[in-house]
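Please read it alongside the sequence and the model.

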Amino acid sequence: MDSTDKVSHKRAQLEGCHPGDDGRDVALHNLAVALYNRFQTERKVDDVNEAITVHRAALELRPSGHLQRSLSLHWLALCLLGRYDSQGLVADLEEAVTLGRAALKACPQGHADRGLRLHTLAHYLWKRFKKQAKMYDLDEAIELHRVALELRPSGHPHRCSSLHGLALCFSSRYNNQGVVSDLEEAVTLGRAVLEICPPGHRDRATFLYSLASYLRRRFKKRAMMHSLDEAIELHREALALYPSGHPHRFSSLQEFAICLLDRYDNQGLVADLDEAITLGRAGVELHPPGHPSRAECLRTLSRGIWATFQRPGSGRARSVHQGLLLPHPTSNAGAASTFHDLSLHLWDKFQKQPAIADLDEAICLATYALELRLPKHSDYVVSIEKLAVLVKERSQRIDQGTNSNESVMLGQAADNLCALRDCLRDRFRNQHVIDDLNAAITLHRYVLQLRPAGHASHPSYLHDLALYSVQRFHETASVGDLDEAISLEQNALELSVPGDPIYEASKDSLATCLQMKISAQISQASQESSTPPVVQKTRLPKLSIMSFLKRSKQHQMTTQTCNSSSTLCDSDAQSKYKEI
């Protein structure tokens, strides 16, 4: 039975148990648990919201002294923490802590679930420390985990969870206070977890990842290479246990790449650098522009690419050293500067000795730099202008028929531009800053240059740009945007085939744009004079609408457009349409 069926089943049981019936508290509790479990799988906040409401109703039926009150308090706290993790509401975290204390108080010494109550309250306090950095929360969490561990001796099925939770707390205290003994304790506990967590355990990847993180921190503190070597092997094993699509795969990729870069910095093994860059690119692909972790991905990738250019004996290193000495990227600004400067060096190299691979990589790096310098950033104009130069050169090569095939790097650059364009469009829709829409349109034009007529997606890109232009027309009332949208949809129809989804979408969009054009001209004429307006012919771009439709054999479309216009416009509008 899947999670949805379980929820339906428990809901039906509750409906058969009316208020005042014995067992109604159990029915409420069971439904809430089923909803929470479905939330854990599908991450739909409505499920956890309902689970919280239902748990509160069950708790009212389990007053102080009730045998199951501690259980209800425990589950309500779990749901609130789940919503906190999803929504970030601090009030949910605070209430989870309060309920966790109440659940522990209602679970006396000797109770079978006391170890679980200690463990969960410690976890809530650790979470609050991560949010508010109050040391007393962390200290209390450590003491609670120690007590819980005593109740979970060797062989206990949940001992590994207590060891892991205690190790996390020591690691956090080391990060906050820098006491090496805390880090050593975390490493010791991490090893103990893996000893009792055999291959096949559902949490083994998490435990591998955590111990690898502690060992890397020990390497950074004490420069012990064997710790870093062990961390790399643990990360390799953990990554293999996180399949594509797993929510923790990104973190594993990132930490693994950083460890390899650390070892490259220390030992200079080119294989480590190459693998780190591969992992860095994989991390970037997992998170498109706009994702909260995207900047972290780019920082890691910039560090790897920077090292490639600095590597002694490489042609790239000589090229860079002849110019400026690039600083090691340690921040978003540093990563942006690294991408921008390395793109410039590749461009200089291309101008001296044209190699299309250098140009394609220069474009790709320039897109990363631009992404970290969105509109209103002080260096945005510099980045967008340089990108324009690179795209123009590549477009000319494509138009000339030389190097017209899309390389992997160029494809990545075009995909970056598409994703960044969509990010800016979404930000415009949320914040209504016209600069974002203008920037999105500019990036879309670059995509059209990199994927011109002949590319399978070109008609779709034309249609999308037309929609962007119409959106800007609604914002600015600039007729030029509407004229361009009409022209773009004409081109999209010429390059697509009747019956294709993009053909039908462009046809409908063109009809809409024509109606908007007519309405705009009639409105303008009406404003210019109170007497019947003298309608002037307006030259549409490229083709008159009627000649275009005739040439593409769309007589039926012409009739449909005229008919739809006549229903929407008065007699002046019909005259206007005929004149156009």
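Lysine 376 counts as exposed, because its relative accessibility of 68% lies above the cut-off of 50%. In this predicted model, lysine 376 is placed in the loop between helix H17 (356–371) and helix H18 (380–399), and its phi is near 90 degrees, a positive value in a residue other than glycine. Alanine 477 likewise is not a glycine and has a positive phi, of about 60 degrees; alanine 477 belongs to the loop between helix H21 (458–476) and helix H22 (479–495), and with a relative accessible area of 56% it is exposed.

| Residue | Phi | Relative accessible area |
|---|---|---|
| Lysine 376 | near 90 degrees | 68% |
| Alanine 477 | about 60 degrees | 56% |

Turning to helix H13 (residues 270–286), its 17 residues should span 24 Å at 1.5 Å a residue, and the C-alpha atoms at its ends are 25 Å apart, which agrees with that expectation. Seen down the axis of H13, the buried residues fall within an arc of 170 degrees, so they line one face of the helix. The buried residues of H13 are Asp272, Leu273, Ala276, Ile277, Leu279, Gly280, Gly283 and Val284, whereas Ala271, Thr278 and Glu285, on the other side of H13, are exposed.

Note on methods: Residues numbered from 1 in each chain as written. Predicted model: local features only at pLDDT ≥ 70, side-chain atom pairs only at ≥ 80, totals over all residues. Heavy atoms only, no water. Helix = DSSP H or I, 4+ residues; strand = E, 2+ residues; numbered from the N terminus. Buried < 20%, exposed > 50% of the residue type's maximum accessible area, 1.4 Å probe, protein only. Expected span 1.5 Å × (residues − 1). Arc of directions from axis to C-beta.
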